[in-house]
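Hello,

Here is the structure you asked about. Please open it and keep it beside this email as you read.

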Amino acid sequence: WALAVSGNTVYAGGYFANIGGQPRQSLAALDATTGLATAWNPGSGGRILSLAVNGNTVYVGGQFGAIGGQPRFNLAALNAATGLATAWNPNPNNYVQSIAVSGTLIYAGGIFTTIGGQARKYIAALDATTGLATGWNPSVNDAVFSLAVSGSTLYAGGSFTSVGDSTRSRIAAI
């Protein structure tokens, strides 16, 4: 359900028990040349729906209650070398379908209504260091399933029909 690439490593997320010749629970790092699983094995207590890599951090979203050896609910940051969960913990109250990284911001989309210590319906911008929600709050009226960043514009796709006071039928540039 999710892929991210960093150098010669392909991170794969979904809902599986084996991949690349090794047992892995819904999340794995694969050698891009051979397709074999690397030693990186954070484990997951559920489905992985989204992945993003930024430097030495792998951001993971989905439907889970634990990952990387720590309790984390639906969104986590993992060390790309060890697979262990970092202290970053925005704790959304429901699943995260999409993640996009832009500088020091992590954008998350899904069906949550609180995240990063704030009420945020379906979409949020999170501080990459603290995991706290920023003041950015575009007021999307339904689920966000896909995010992409280009420059200073965030593109969102989902089942929403409005963003703020503007009608936007399932896709928007914010």
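S98 is in contact (heavy atoms within 4.5 Å) with S50, Y107, A108, G109, F145, S146 and L147, leaving aside its neighbours within four places in sequence. S98 is found in strand β11, residues 96-102. Strands here are DSSP runs of E, at least two residues, numbered from the N terminus. S98 counts as buried because its relative accessibility is 7%. Buried means under 20% relative accessible area, with a 1.4 Å probe and protein chains only.

A word on the source. This is a predicted model: local features need pLDDT of at least 70, side-chain atom pairs count only at pLDDT 80 or more, and totals for chains, interfaces and linings use all residues. Residues are numbered from 1 along each chain as its sequence is written, and side-chain values use heavy atoms, with hydrogens and water left out.

Now the whole chain. Buried residues make up 46% of its 174 residues. The C-alpha atoms fill a box of roughly 50 × 30 × 25 Å along the principal axes. Among contacts between residues at least 6 apart in sequence, 28% join residues at least 24 apart. The accessible surface (Shrake-Rupley method, 1.4 Å probe) comes to about 7,800 Å², and 49% of it belongs to carbon and sulfur atoms.

Best wishes

Methods: Buried means under 20% relative accessible area, exposed over 50%, partly exposed in between (1.4 Å probe, protein chains only). Helices (H or I, at least four residues) and strands (E, at least two) are DSSP runs, numbered from the N terminus.
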